[in-house]
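Here are my notes on the model, point by point. Please read them with the structure open.

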There are 2 protein chains.
Amino acid sequence: MSDQPQPVVRPAPISGFPEWLPHVRLVELRWLDGIRAAFERYGFCSIRTPAAERLEVLLAKGETSGEVYTLGRAQDPDKGQGTDKGQGSDEGQLGLHFDLTVPFARYAAQHFNELVFPFKRYQIQNVWRGERPQDGRFREFTQCDIDVINLDEVPIHFDAELPRIVHEVLTSLDLPPWTINVNNRKVLQGFYEGLGIAEPLDVLRAVDKIDKLGVDGVASLLADRLDQAQVKSVLELAQLRGGVEDVRALGVRSPLLDEGLQELDFVLRELSDLPEVVADFSIARGLDYYTGTVYEGKFVDWPEYGSICSGGRYEDLAGSFIRRRLPGVGMSIGFSRIFAKVLSAGLLDTGPSTPADILVVLPKDRRPTATSTARALRDRGFNVELYHQEDKVAKQLRYASRKGIPFVWFPPFEDDRPHEVKDLATGEQTATDPTTWSRGRD
Amino acid sequence: MSDQPQPVVRPAPISGFPEWLPHVRLVELRWLDGIRAAFERYGFCSIRTPAAERLEVLLAKGETSGEVYTLGRAQDPDKGQGTDKGQGSDEGQLGLHFDLTVPFARYAAQHFNELVFPFKRYQIQNVWRGERPQDGRFREFTQCDIDVINLDEVPIHFDAELPRIVHEVLTSLDLPPWTINVNNRKVLQGFYEGLGIAEPLDVLRAVDKIDKLGVDGVASLLADRLDQAQVKSVLELAQLRGGVEDVRALGVRSPLLDEGLQELDFVLRELSDLPEVVADFSIARGLDYYTGTVYEGKFVDWPEYGSICSGGRYEDLAGSFIRRRLPGVGMSIGFSRIFAKVLSAGLLDTGPSTPADILVVLPKDRRPTATSTARALRDRGFNVELYHQEDKVAKQLRYASRKGIPFVWFPPFEDDRPHEVKDLATGEQTATDPTTWSRGRD
């Protein structure tokens, strides 16, 4: 140790850029695998877009640029730092994508002629936002997005299919209680029109803040714009818990409301077997983007934590990039937000720090036997570590136990003796055979 | 269409940042799955580090900074662009990692007390380099790294295990012919010492260029430093194709050479069942980092394309970050290099553009039957698309065919009729049952 030079940099985490120890990472991978499997089970295909896009692409829809990380170069601190223009590129300034919607829009436009529509894609990638980290907000985080886009029109079928898939995902993750709340923008806007409100979007804007301001807060926002009866009806709808018939029972009528209720009715009926999917007439999910069905998932016990998934139906994905109207329906799962919350709440079911099922002991002077044993078990699909040197058996066992490897395998220490396997959970050790053994407990 | 606004940005690829169409992405995912499975089959655990590290971490080992992308912010072009110091962070300048070794070293140092040693990790992530893109070189690319590190000493066991794992990976990818070339730095250096060469590292530096300069080029590099007999012996070793005994037959002796040959002998013996693993006494893999076994994988038919995997044994991973010596052995698979080459050579075996096994037809007025059929098939593990609207059957079939979905399923169009399934490859259509059907052909 004394000849070891002094370290030059103290290793430390960067706030907002999470990383996990191996036993947590193993669960994260299992979650991601489950999500991907669910998406594929419904026939959605994976795409992956580069981490970077041209800045003009990232900002094409009018997003504010404050959260965008731009790419620069370190070598020349005096000039041009922060831009990549010097590198002989004609791409202009590059930035890291801050969501997966903008890259998807650019992808769909760029590859338009090579895609089969309706195009059903999922995308599981990290995104980056240069915002101040806080509870549930990171600067690097994983999103799991699923969208269907089509030429000119998207069947209502998908408005019901997407929340079913996300429901399947969330169910598989073994989370504390959650709901997926569904609404339809046409219901809100049509209801306000039916009340004779001239500027329904202003009202929508106010109602969208009900989570933050409360009912009274929204009421006072509306007071100078609507008459008392209108305010009462608007708030009645926002607080309604029930179904399509309960909205109709409020007695308001308009063509747009009828259309919205019909769409919502289809979605709720298709999902009536899923108790976690509920109608919620208060959610609007922003104002300009979504035009029909909207979704928002939440933890029941942590409503203030914000949404764990969200999405909706939109009129045009990629108008900034192509002269073809591409409407769609999409949902996004806030993977890192969910994972970090469950982890910090102590609810993550972590286990071993290795994917190994079995540690094969390396006995003295019997490496070939141990090697062929490990290989036979790997060929049968097990994840197998062969111990790395001829240490005492007690030390080899301790290694397995510290890593959480569930089984320790003893190849014969002498010829004509049987194999034995020890279950570290029960301590039980039994004679066995590498060509027939199974975990049993599973 | 006429009401569609003019697009504001033309979508275009960014050179050096590859992205794939769905049918290519599907193969990429299959490859990545296979690599991960091989790593886990040997008990290596996954870690994931953030895309960004502090610049002082990235440059701690003395790397030149020219290729590092730094993170800046777009919002304020007049001051501070290219740095993230303004954002109330105390982390200083951040940059995207350009390999997975530096982040692994920082990770090992930072989490040192929470890791079990020997620590066996794999890491499959993208890395970024701001270099000019060329054949086989990207600005964003995927590396698959596998390393074992330990306190103070790493068993020779792993020098043989790592190329076996990588061999398993490369075999699974169905590539054109390749080899994994193995050498040991001690063999080269010890051989030069045995020849009485005073500055063996200078010779090593010259021999390392044999790929670029050829035998004659290296000979003239060495001529002013060594006598003719030494040059002859040095080149004899570099061109030797054979094993440890062939080196011994050259008649040179030194303690370091003996040590190196003994290590190399162990590795080659352990891998003697793998014909693609060959000794190659010309490779040194750089000069300062590796100290024993070294590896380099190449395509047989594209030697000029450069290495497809590489690695070796090193004395100290994380000395820049921690006052503990952590020697190790590691290999890195140049995933994107391999994938892009096989793709551009027309050798990638692509198929459908969707993971769906089956398209379930949606007959007129029979949505519940179709839905429950799709669900039953999904429950049995198939990836199933339910067609999205009540189109003509011919249109639904055309959709399956365009996406490459291999089977089309017809739920009963009337009560008391059987299910039928059509194999689009053969055209054969048969009566069947969703609870018992199997693909058969597989």
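1. Glu168(B) and Arg41(B) form a salt bridge, with their closest N and O atoms 2.8 Å apart. The term means a side-chain nitrogen of Lys or Arg within 4 Å of a carboxyl oxygen of Asp or Glu. Glu168(B) sits in helix 4 (residues 157-172) of chain B and Arg41(B) in helix 1 of chain B, so the pair ties together parts that are 127 residues apart in sequence. Helices (H or I, at least four residues) and strands (E, at least two) are DSSP runs, numbered from the N terminus. Glu168(B) is partly exposed at 25% relative accessible area, and Arg41(B) is partly exposed at 23%. Buried means under 20% relative accessible area, exposed over 50%, and partly exposed in between (1.4 Å probe, protein chains only).

2. A word on the basis. This is a predicted model: local features need pLDDT of at least 70, side-chain atom pairs count only at pLDDT 80 or more, and totals for chains, interfaces and linings use all residues. Residues are numbered from 1 along each chain as its sequence is written, chains are lettered from A and ligands numbered from 1 in the order in which they are written, and side-chain values use heavy atoms, with hydrogens and water left out.

3. How many salt bridges are there over all chains? The whole structure has 51. One of them joins the side chains of Arg106(A) and Glu19(B), at 2.6 Å from N to O. This pair crosses between chains: Arg106(A) is in helix 3 (residues 101-110) of chain A, and Glu19(B) is in the segment before helix 1 (22-41) of chain B. Both Arg106(A) and Glu19(B) are buried.

4. Glu296(B) and Lys298(B) also form a salt bridge, with the closest N and O atoms 4.0 Å apart. Glu296(B) is buried at 12% relative accessible area. Lys298(B) is buried at 14%. Elsewhere, shared partners link Glu19(A), Glu53(B) and Arg106(B) into one network of salt bridges.

5. Now the cysteines. A disulfide is a pair of cysteine sulfur atoms within 2.5 Å. The count over all chains is zero. Cys309(A) is in no disulfide; its nearest cysteine sulfur belongs to Cys144(A), 11 Å away. Cys309(A) is buried, at 1% relative accessible area. Cys144(B) is in no disulfide either; the nearest cysteine sulfur, that of Cys309(B), is 11 Å away. Cys144(B) is buried, at 0%.

6. Check the backbone. Most residues other than glycine have a negative phi, and most peptide bonds are trans. The bond from Phe117(A) to Pro118(A) is cis, with omega near -5°. Pro118(A) lies in the loop between helix 3 and strand 5 (119-128) of chain A. In chain B, the bond from Phe117(B) to Pro118(B) is cis, with omega near -5°.

7. Two aspartates deserve a look. Asp152(A) is not a glycine, yet has a positive phi of about 70°. Its place is the loop between strand 6 (140-149) and helix 4 (157-172) of chain A. Asp152(A) is partly exposed, at 39% relative accessibility. Asp174(B), also not a glycine, has a positive phi of about 60°. Asp174(B) falls in the loop between helix 4 and strand 7 (178-184) of chain B. Asp174(B) is exposed, at 61% relative accessible area.

8. Last, Trp437(B). This residue follows strand 16 (429-432) of chain B. Trp437(B) is buried, at 9% relative accessibility.
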